[in-house]
Amino acid sequence: MTGLHSARLRTVDVARRTGYSVQQVRNLERDGVLPPAARTASGHRVHGERHVRSALAYRAFAAGAGPVEAKRIVRAVHRFPASPEVFALLDAAHARLDAERAGLRRAREAAGLIAGEPIGAVRVSDAMGVSELAGALGVRPSTLRHWDAEGLAVPDRDPVRGTRRYSPAQVRDARVVHQLRGAGYRIGPLRALMPELRRGRRWTEVAAALDSREAALTARSRALLDGAAALGALLDDDVPHGA
């Protein structure tokens, strides 16, 4: 706590210590992420360590949970210090990240299984209609139709009725798309990748994409850890707003 009460920082000082611009610091104060600054007789803002800590906490949480959630967390600390609401927001941020990590783990497992899945031994009777496949994957039929339109998992058509029918190989395509979409793969890259996967190529690229996704999640986990540390300092800081 040493020096907290005597700290008198200009807006530019806060900017330098937090990596923000002067205008960004002002915007954070306007948005309630920083507590209101005190003013000199001439109207200049006077900040304290609490403003630096608030900005650092926001910066970390924005990297870990996104700017909207970061604002919600830091504002809650200013309004309700050490309240259950603050800790509930923190728990929710960690839970969302944990769910994403679990989804990535499932995508890795599925991608490994699908990559080695024999297609030649399947039977024609293993084919599926749209509703059957949607139910098996846990997606909406409209999602399958979207993948069809994008050329990701294209079924055969009944020559008379025009209904979609997925052969075993096309079911496999849909499973691959489903897992990679869940792992964060975008439609554009998938459109270029799927023809290669059908030929048994570029599984190394899929693995690299999943590795990149995992690295991003790890960076966000570290950011949440940094945010929690900065938040802990805020909760321990009993300096009045504007100190």
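In the predicted model, the axes of helix H1 (residues 11-18) and helix H2 (residues 22-30) come within 8 Å and cross at roughly 100°, where axes are lines fitted to C-alpha atoms, for helices over the stretch in contact, and angles run from 0 to 180 degrees between N-to-C directions. H1 and H2 are therefore roughly perpendicular to each other, a class that covers 65 to 115 degrees, with angles under 35 degrees counted as roughly parallel, those over 145 as roughly antiparallel and the rest as oblique. The contact is formed by Thr 11, Val 12, Val 14 and Ala 15 on the side of H1 and by Val 22, Val 25 and Arg 26 on the side of H2, contact being defined as heavy atoms within 4.5 Å. Sorted by class, the residues in the contact of H1 with H2 are five nonpolar, one polar and one charged; here Ala, Val, Leu, Ile, Met, Phe, Trp, Tyr, Cys and Pro count as nonpolar, Asp, Glu, Lys and Arg as charged, and the others, Gly among them, as polar.

Residues are numbered from 1 along each chain as its sequence is written. Because the model is predicted, local features need pLDDT of at least 70 and side-chain atom pairs count only at pLDDT 80 or more, whereas totals for chains, interfaces and linings use all residues, and side-chain values use heavy atoms, with hydrogens and water left out.

The protein holds 10 helices and five strands, which are DSSP runs numbered from the N terminus (helices H or I, at least four residues; strands E, at least two). Of its 243 residues, 40% are buried, buried meaning under 20% relative accessible area, exposed over 50% and partly exposed in between (1.4 Å probe, protein chains only). Among contacts between residues at least 6 apart in sequence, 64% join residues at least 24 apart.

In the loop between H2 and strand S1 (38-39) lies Gly 32, which is partly exposed at a relative accessible area of 26%. Not counting residues up to four places away in sequence, Gly 32 touches Arg 75 and His 78; the C-alpha atoms of Gly 32 and Arg 75 are 6.1 Å apart in space, although these residues are 43 apart in sequence. His 78 belongs to helix H4 (residues 67-79) and is buried, with a relative accessible area of 12%. The side chain of His 78 is joined to that of Arg 50 by a polar contact of 3.5 Å, such a contact being a pair of N or O atoms within 3.5 Å in which, within protein, one must be able to donate a hydrogen and the other to accept it, and for which residues adjacent in sequence count only if both atoms are side-chain atoms.

Within helix H7 (residues 141-149) is Asp 148, buried with a relative accessible area of 14%. The side chains of Asp 148 and Arg 164 are joined by a polar contact of 2.8 Å, and the residues that Asp 148 touches, beyond those up to four places away in sequence, are Ala 153, Val 154, Pro 155, Arg 157 and Arg 164.

Arg 165 is found in strand S5 (residues 164-166) and is partly exposed, its relative accessible area being 39%. Among the residues that Arg 165 touches are Met 128, Pro 155, Asp 156 and Gln 170. The side chain of Arg 165 makes a polar contact of 3.2 Å with the side chain of Glu 132 and reaches the backbone oxygen of Ala 127 at 3.4 Å. Ala 127 is also related to Pro 168, a residue of helix H8 (residues 168-182), in that their C-alpha atoms are separated by 5.4 Å across 41 residues of the chain; Pro 168 counts as buried, at 16% relative accessibility.
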